[in-house]
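Thanks for coming, everyone. I have one structure to walk through today. Please take a look at it before I start.

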Amino acid sequence: MTALLKGYMRSSLILRVTIALLLGLVVGLFGGDAVATWLGPVGDLLLRLLTFLIVPIVLFTLMVGINRSREGSVGRVGGKVFAYYLVSTALAIVVGLSVASLFSPGSGMTLDENASFTAPENPGLVDVVLGIVPSNIIGAFAEQNLLGIIFTALVFGFALLKLRQQATQPGSAERLYEVIEGLNDVTLKVMAGVLHVVPIGVFAIVAETVSQQGLETLLSLGDMVMVLYIALALQLLIYCVIMRLFGVKLRTFFREARTPMATAFATQSSSGTLPLTINAARRLGISRSVYGFSLPLGATLNMDGAAIRIAISAVFAANVIGAPLDFVSMVQIVLVGTLVSVGTAGVPGAGIIMIATVFAQVGLPIETVVLLTAIDALVGMGATALNVTGDLVGTTVIARSEGEQLSETPVETDETSATVISKA
């Protein structure tokens, strides 16, 4: 038993996660309803552990990153992050519309006249902007308001940097920075321990999801699922082209990206996968001043997978009612879908909220969402995996634009990450 545990601890994380995915698939298909009852709490435990780390890892990482960066660089990086995420989301919707228009999912299907669906409330753009500034810091932390946490970290991080720069001799500001830096190191140490639980949780979540969905659901709406995954693959190919243009070695990138990608696929949570995505950025040798800002923001704002899902769902709904989308409607979907994706929570089920909101805005029948909820988990897995991949791609590209060079070998500790990063 001891030898087995040691072998588990020493094996690579991606190997353990891959095996967990496959085992979860098999157990989910043949385990029956009992699987959800017994394994559901195990999957919930993983999500709780990952969520437990979000506040400290975002707060301390960003504050330390600001105090290690050159003055003015954070603002420049922030501008690049916002521009990249906006363009990336719009591009994803265009890809989704193009692929869906080519394959026409939903053609020949009919809508049940008795079907009904109440669209969940989606926060408006004004509410999202106002939500960046929390009225209560403790409330922002308790509600896992990532935009509010980022704002808090930025304000206090810059204030601490100014105090350190203005001090004529080391004093309270320097000691406070050392405490925050120490808390950041402790958080990363806790995260290293949580990583060992990830494969077990992934196994439980996949098994539960497959046992609840089954093959019948997949086959009944198979064309919709197939088209979605084709579009996701095309967007991933576009990512690869963008990274090559910035001199990123794909083998180096995917060496670290595959673990958060697989975990996001299983958990359907961009926010929950954030600790793993940050760990991947660290191991790539990206500076904290870049990933500490871009990844938490991306987990909230950058939803490329969800954007593709919105586009394909819109084409699907239009085909079901026998009214294919015209060019004007497609442009409207690109604009509305890009705005709606901003601020939508990176948690399971959030995609349905975005789809319902877009349908209401562009005049598509909200009842068609009933059909899409049947495959919510199946399409949500792929969409979330691409969401997380897009966040890490954007972070990597922005790091390269700042002159950083990715590490050829994994950066194992936070201390070494400061020395591995070099100018291209």
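Contact, in this talk, means heavy atoms within 4.5 Å. With that cut-off, V388 touches P260, A264, S270, T273 and T277, leaving aside residues up to four places away in sequence.

Some ground rules. This is a predicted model, where local features need pLDDT of at least 70, side-chain atom pairs count only at pLDDT 80 or more, and totals for chains, interfaces and linings use all residues. Residues are numbered from 1 along each chain as its sequence is written, and side-chain values use heavy atoms, with hydrogens and water left out.

Now the overall picture. The protein has 19 helices and zero strands. Helices (H or I, at least four residues) and strands (E, at least two) are DSSP runs, numbered from the N terminus. Of the 424 residues, 53% count as buried. Buried means under 20% relative accessible area, exposed over 50%, and partly exposed in between, with a 1.4 Å probe and protein chains only. Take contacts between residues at least 6 apart in sequence: 84% of them join residues at least 24 apart.

Back to V388. V388 sits in helix 18. Its relative accessible area is 2%, so V388 is buried. V388 and T277 are 111 residues apart in sequence, yet their C-alpha atoms are 7.3 Å apart in space.

Next, helix packing. Two packed helices are described by the angle between their axes and the distance between the axes. Axes are lines fitted to C-alpha atoms, for helices over the stretch in contact, and angles run from 0 to 180 degrees between N-to-C directions.

How do helix 10 and helix 18 pack? Helix 10 (residues 222-245) and helix 18 (residues 376-401) meet at an angle of about 10 degrees, with axes 10 Å apart. That makes helix 10 roughly parallel to helix 18. For the cut-offs: under 35 degrees is roughly parallel, over 145 roughly antiparallel, 65 to 115 roughly perpendicular, and the rest oblique. By class, this contact has 15 nonpolar, four polar and no charged residues. Ala, Val, Leu, Ile, Met, Phe, Trp, Tyr, Cys and Pro count as nonpolar, Asp, Glu, Lys and Arg as charged, and the others, Gly among them, as polar.

The buried residues of helix 10 include V225, L228, L232 and Q235. After helix 10 comes G247, with a positive phi near 75 degrees.

Second pair. Helix 11 (residues 250-267) and helix 12 pack at about 175 degrees, with axes 8 Å apart. That makes helix 11 roughly antiparallel to helix 12. R255, E256, P260 and T263 of helix 11 meet L276, T277, A280 and R283 of helix 12. The classes here are three nonpolar, two polar and three charged residues.

Then the loops. Q268 lies in the loop between helix 11 and helix 12. Q268 is not a glycine, but has a positive phi of about 60 degrees. Is Q268 buried or exposed? Buried, at 11% relative accessible area.

S287 is in the loop between helix 12 and helix 13. At 13% relative accessibility, S287 counts as buried. A polar contact of 2.4 Å joins the side chains of S287 and E404. Polar contact means a pair of N or O atoms within 3.5 Å; within protein, one must be able to donate a hydrogen and the other to accept it, and residues adjacent in sequence count only if both atoms are side-chain atoms.

Last item: helix 13. Of its 14 residues, 14 are buried.
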